[in-house]
Amino acid sequence: MKKLLGILLALCLLGTLAFAAAEGAHEHVWGEWLPSDGGHTAECAEDGDTLTVRHHTFSTGTISGSAVCAMCGQYRDGVFPLIEGAEAVSQKAEPSTQRGIFVARGMETPYADAENVVYAFTVAYVHNGALATWKDVSTVSLPLDVELPENYQLIRITPAAGDDSVQNPERQIEMESAWEDGVLSFTTKTPALYLIVTTN
Ligand SMILES: [Zn+2]
Ligand SMILES: [Zn+2]
């Protein structure tokens with residue numbers, strides 16, 4: 001009997017140790033990434049650990065101060081807030097396993113130097129505070145609390161490639177989009193800065 005009790009106790013102890021080990025190696029559940037010294041920082045909802053990661057910015061050379069971090073939204077003149085209800089839905093019948101969470105941030109008339117930009121936003125998948133590969137072409141839907149003009153155009157900024165910005169200059173790609181009941185929708189798998197501009 002005493003021996004059986006000993007074995008049971010040993011098993012309990014092993015179980016506790018295994019549980020503790022698993023807890024130490026858990027996948028952190030990061031809250032919102034907020035601007036901080038040295039980049040952006042989030043806190044794990046489960047153990048209170050914090051992680052700081054460098055900004056990942058997108059910008060256009062045609063607007064000064066346009067660089068915005070797709071993770072925390074920080075830019076020269078403030079912070080692009082999260083777009084509530086934003087979603088990206090894979091167009092594949094069997095979607096790939098996507099790492100990270102979808103983050104969309106945007107702001108109305110963010111650039112004093114570019115009045116034709118009525119709204120600017122970033123979309124990206126974020127894993128542990130850094131950019132994650134966007135696996136599938138997706139339908140992106142963004143509920144926006146703005147009035148868009150009849151003749152708006154959605155533009156994706158593709159940054160200058162490599163070291164030679166002369167040979168591979170920035171491109172501004174006109175995107176197909178729909179604007180219905182306050183929801184902007186379009187198709188992409190490209191994390192980037194997107195601008196909604198008036199065309200006149
Ligand atoms: Zn954690
Ligand atoms: Zn940031």
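**Figure 1. Salt bridges in the predicted model.** Three salt bridges turn up in this structure, which is a predicted model. Let's start with R105, which pairs with E32 at 2.9 Å between the closest N and O atoms. R105 is buried, at a relative accessible area of 1%, while E32 is partly exposed at 41%.

**Figure 2. A close-up of K92 and D136.** Here the closest N and O atoms of the salt bridge are 3.6 Å apart. K92 is found in the loop between β8 (87–90) and β9, and D136 in the loop between β11 (130–132) and β12 (138–143), so this pair ties together parts that lie 44 residues apart in sequence. K92 counts as partly exposed, with 47% relative accessibility; D136, at 5%, is buried.

**Figure 3. A close-up of R76 and D77.** These two residues form a salt bridge whose closest N and O atoms are 3.2 Å apart. R76 is exposed, with a relative accessible area of 52%, and D77 is partly exposed at 44%.

**Figure 4. The zinc ion (ligand 2) and its donors.** Look for H40 (ND1), H55 (ND1), C69 (SG) and C72 (SG), which coordinate the zinc ion at 2.1 to 2.3 Å. The angles subtended by the four donor atoms run from 101 to 119 degrees, which makes the arrangement tetrahedral. For comparison, the ideal angle for four tetrahedral donors is 109.5 degrees. Along the chain, the donors follow the spacing H-x14-H-x13-C-x2-C. H40 lies in strand β2 (residues 39–43) and H55 in the loop between β3 (50–53) and β4 (57–58), so the two histidines tie together parts 15 residues apart in sequence. H40 is buried, with a relative accessible area of 0%, whereas H55 is partly exposed at 31%.

**Figure 5. Aromatic pairs, with F102 and Y125 in view.** The whole structure holds ten aromatic pairs. In one of them, the ring centres of F102 and Y125 are 5.5 Å apart and the planes meet at 55 degrees, so the pair is tilted. The partners come from distant parts of the chain, 23 residues apart, with F102 in strand β9 (residues 101–108) and Y125 in strand β10 (residues 117–127). Both F102 and Y125 are buried.

**Figure 6. An aromatic cluster around Y119 and F121.** Y119 and F121 make a tilted pair, 6.4 Å from centre to centre with 45 degrees between the planes. Both residues are buried. Ring pairs join Y119 and F121 with F186 and Y194 in a cluster.

Notes. Residues numbered from 1 in each chain as written. Chains lettered and ligands numbered in written order. Predicted model: local features only at pLDDT ≥ 70, side-chain atom pairs only at ≥ 80, totals over all residues. Heavy atoms only, no water. Phe/Tyr/Trp six-rings, centres within 6.5 Å; stacked < 30°, edge-to-face > 60°. Helix = DSSP H or I, 4+ residues; strand = E, 2+ residues; numbered from the N terminus. Buried < 20%, exposed > 50% of the residue type's maximum accessible area, 1.4 Å probe, protein only. Donors = N, O, S within 2.8 Å, 3.2 Å for Na, K, Ca; no water. Tetrahedral: all angles 85-135°; square planar, octahedral: opposite > 155°, others 65-115°. Salt bridge = Lys/Arg side-chain N within 4 Å of Asp/Glu carboxyl O.
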